[in-house]
Amino acid sequence: MCRSIKTLRPPVLPEEATEDDIRAAALQYVRKVSGFRAPAAHNREVFDQAVDAIAAATAELLSGLEVRGAARRAG
């Protein structure tokens with residue numbers, strides 16, 4: 001998988017992931033899977049829709065995760 005996608009959950013990321021962090025990870029994923037760094041004009045809409053969908057799924061995943069023991073490690 002793409003090494004430039006970083007872990008976005010605590011304790012790896014000390015604070016909550018920002019919308020920009022989530023969107024950047026989604027963009028890297030779509031670039032890797034599609035094989036396009038920047039899509040041609042005729043693929044732009046579907047490329048952008050994929051980034052939006054993956055960003056939304058990532059935000060949902062992160063908001064639903066329960067990281068046990070994170071508070072003990074942080075202190």
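I call a residue buried under 20% relative accessible area, exposed over 50%, and partly exposed in between (1.4 Å probe, protein chains only).

I am working on a predicted model, where local features need pLDDT of at least 70, side-chain atom pairs count only at pLDDT 80 or more, and totals for chains, interfaces and linings use all residues. Residues are numbered from 1 along each chain as its sequence is written, and side-chain values use heavy atoms, with hydrogens and water left out.

Entry: salt bridges. I count a side-chain nitrogen of Lys or Arg within 4 Å of a carboxyl oxygen of Asp or Glu. How many salt bridges does the structure hold? I found four. I looked at some of them one by one.

Entry: Glu-66. I found Glu-66 in a salt bridge with Arg-68, with 3.0 Å between the closest N and O atoms. Glu-66 is exposed, at 60% relative accessible area. Arg-68 is exposed too, at 66%.

Entry: Asp-21. Which residue does Asp-21 pair with? I found Lys-6, with the closest N and O atoms 3.9 Å apart. Asp-21 lies in helix H1 (residues 19-34) and Lys-6 in the segment before H1, so the pair ties together parts that are 15 residues apart in sequence. For helices I use DSSP runs (H or I, at least four residues), numbered from the N terminus. Lys-6 is partly exposed, at 49%.

Entry: Asp-48. I looked up its salt bridge with Arg-44 and noted 3.1 Å, N to O. Both residues lie in helix H2 (residues 44-64), four residues apart, about one turn of the helix. Asp-48 is partly exposed, at 27%. Arg-44 is partly exposed, at 35%.

Technical notes: Helix = DSSP H or I, 4+ residues; strand = E, 2+ residues; numbered from the N terminus.
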